[in-house]
Amino acid sequence: MSVSTLFAALGALLTIDTMFWVIAGVMVGIVVGALPGLGPPLGMAIILPLTIPLTPADAIILLIGVYSGSMYGGSIAAILINTPGVSSSAATMFDGYPMSKQGKAATALSISATASAFAGLFTITTLLLFSPVLIEVVLAVGTPERFLVAVLGLAMITVITRGSIAKGLLAGATGLLVTVVGSAPMTLDRRYAETLLLYDGIDFVAVLIGLFAIAEMMKLAGQEGGIAEDDVVIGGNILDGVKTTLQRPYLSIKSGMIGLFVGAIPGAGATVSNFVAYSEAVRSSDDPDSFGSGNADGVIASESSNNGTVAGSLVPAISFGIPGSSSTAVLIGGLLMHGLRPGPSMFQVDGELQLTYTMLLALLVGNVIILAFGLSAVTRLGYLTKIDTDYIIPMVVVLSFLGTYALRVNPIDILTIIVFGVIGFYMVRYNYSVIAFVLGVVLGDIAEGNLYRSLQLSDGSWMIFIDPFTYGRWLSPILVVMICAILFGPFIKGWIDERRG
């Protein structure tokens, strides 16, 4: 770890302006996360174009604050109205809502805040301590490896797709097609650019805002009144919730580490880690039958894992530009929009290492804010679930259009968010994977540009990807094996099972 860079990052974070954006991001995230149907991708997508006047550090810190805050905010609706504000709080409902019905809503909410903050602090500190190892791995990644990592991310479509694999592959391929519009990244040849407005391609941020913001508002438009249908009553004891969590440090740490490792797997995300951690808590419990009827361990495991996932998901996002979730896809869009390319430069002292450390330290501070807000505002959190959708929808739509147009002042971006809003709405309705589509959009340019440069380095030889001796690239063959394992592993496993049968 570069101690001088770490202290420089701490000094940059502890300024009045930057701390304001940390606090603002977390508070916005809590509100967005507490409103079912919104969630971190939508909140970050709306905020993204509004960060244009900010410095790159403040902009990314604001986005990360929204991401972290919404992970905790999702538990508010899950506990109070049995509706997860974000999908990563789905397992929180299993025991959080029964606790509310038992008159222990304040206890459950304080458990959620304490577990989220405790696990978040632990996982981010772990990431900071082991950053030297991570830096060595990232710096070993060159142009050929970046191409293979992009292909690895695209191969993950077969893993993350739920339901029809064909639908997932079609969504990913469509996302790739979006990236070929405009001028080629290396040769500058025009592709499908019938008008000069498309010469720079389809804007990635506009696609994200359409897929997440406009599509979600179309879904909410069919819902009348507030998000919560009944009155929300909050009872219980805040201190009991804090004590319950602190008496189970091993459960919080274990669940947080599950979130950290699962979050680092591209395409897995907080929803997966949420259920993995909850299932592990049930498996290792002395009283597994009590889960689902108000067991505090279920809330601790669920909320520890999703905040731990935030730290883990940053690893593939800033190291290789691979989004582990929809939220990190928007975060990558923010990095690119502010002239920062995910990759080795984010871990080099003469590059953006200070910004990387600032992001991690901002997450540490953000978890302290979550704890302070979560414990002090427990009795008022029910109001967030009563905001009328008639106010939410026009506000989000107007901000989406204004922010998108301000980004490039290109009228085609307005049409883009409308078109992809409709596409996103119907993708969800007919069970097409939105994250597979986003993977295609994010990784298309990365894969194409690095493939072109790699073949230039090898004079057109594809052996640069598989021959470690001639080109001295030990990581490339490993990545090729991983890609083959992901693509063909299920078929090989099926064949083996059939032979055994």
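User: How many cavities of 30 Å³ or more does a search of the whole structure find?

Analyst: The search finds two cavities that reach that volume. Please note that this is a predicted model.

User: What volume does the second largest cavity have, and which residues line it?

Analyst: Its volume is about 30 Å³. The lining consists of V22, V26, I61, I64, G65, A362 and L363.

User: Which helix supplies the largest share of that lining?

Analyst: Helix α4 does, with three residues. At least two lining residues of the second largest cavity come from each of α2 (16-34), α4 and α17 (353-376).

User: Changing topic: how many salt bridges does the structure hold?

Analyst: There are two salt bridges. In one of them, the side chains of R191 and E448 meet at 2.6 Å, N to O. This pair links distant parts of the chain, as R191 belongs to strand β2 (residues 190-191) and E448 to helix α20 (residues 434-457), 257 residues apart.

User: Are R191 and E448 buried or partly exposed?

Analyst: R191 is buried, because its relative accessible area of 19% falls under the 20% cut-off. E448, at 26% relative accessibility, counts as partly exposed.

User: And which side chains meet in a salt bridge at 2.5 Å, N to O?

Analyst: Those are the side chains of D297 and R248. D297 sits in helix α15 (residues 296-320), whereas R248 is in the loop between α12 (238-246) and α13 (249-263), so the pair ties together parts that are 49 residues apart in sequence.

User: Which accessibility class does D297 fall into, and which does R248?

Analyst: D297 counts as buried at 17% relative accessibility. R248 has a relative accessible area of 29% and is partly exposed.

User: What about the largest nonpolar core: how many residues does it have?

Analyst: The largest nonpolar core has 123 residues. Those with the most contacts inside it are L13, I60, L128, F437, V438 and L443. Helix α4 (residues 56-81) contributes the largest share of this core, 13 residues.

User: Which residues does V438 touch, not counting those up to four places away in sequence?

Analyst: With that exclusion, V438 touches L208, L211, F212 and A329.

User: Finally, the overall picture. How many helices and strands does the protein chain have, and what share of its residues is buried?

Analyst: The protein chain has 22 helices and two strands. Of its 501 residues, 56% are buried.

User: What share of contacts with a separation of 6 or more comes from residues 24 or more positions apart?

Analyst: Such residues account for 78% of those contacts in the protein chain.

Conventions: Residues are numbered from 1 along each chain as its sequence is written. This is a predicted model: local features need pLDDT of at least 70, side-chain atom pairs count only at pLDDT 80 or more; totals for chains, interfaces and linings use all residues. Side-chain values use heavy atoms; hydrogens and water are left out. Helices (H or I, at least four residues) and strands (E, at least two) are DSSP runs, numbered from the N terminus. Buried means under 20% relative accessible area, exposed over 50%, partly exposed in between (1.4 Å probe, protein chains only). Contact means heavy atoms within 4.5 Å. A nonpolar core is a set of buried Ala, Val, Leu, Ile, Met, Phe, Trp, Tyr and Cys residues joined through side-chain atoms within 4.5 Å. A salt bridge is a side-chain nitrogen of Lys or Arg within 4 Å of a carboxyl oxygen of Asp or Glu. On a 1 Å grid over the protein atoms alone, a cavity is a set of points where a 1.4 Å probe fits but cannot get out, and a pocket is an open set with protein on both sides within 12 Å along at least five of seven lines; lining residues have an atom within 4 Å of a point. Grid points are joined across faces, edges and corners, and a volume is the space filled by probe spheres set on the points.
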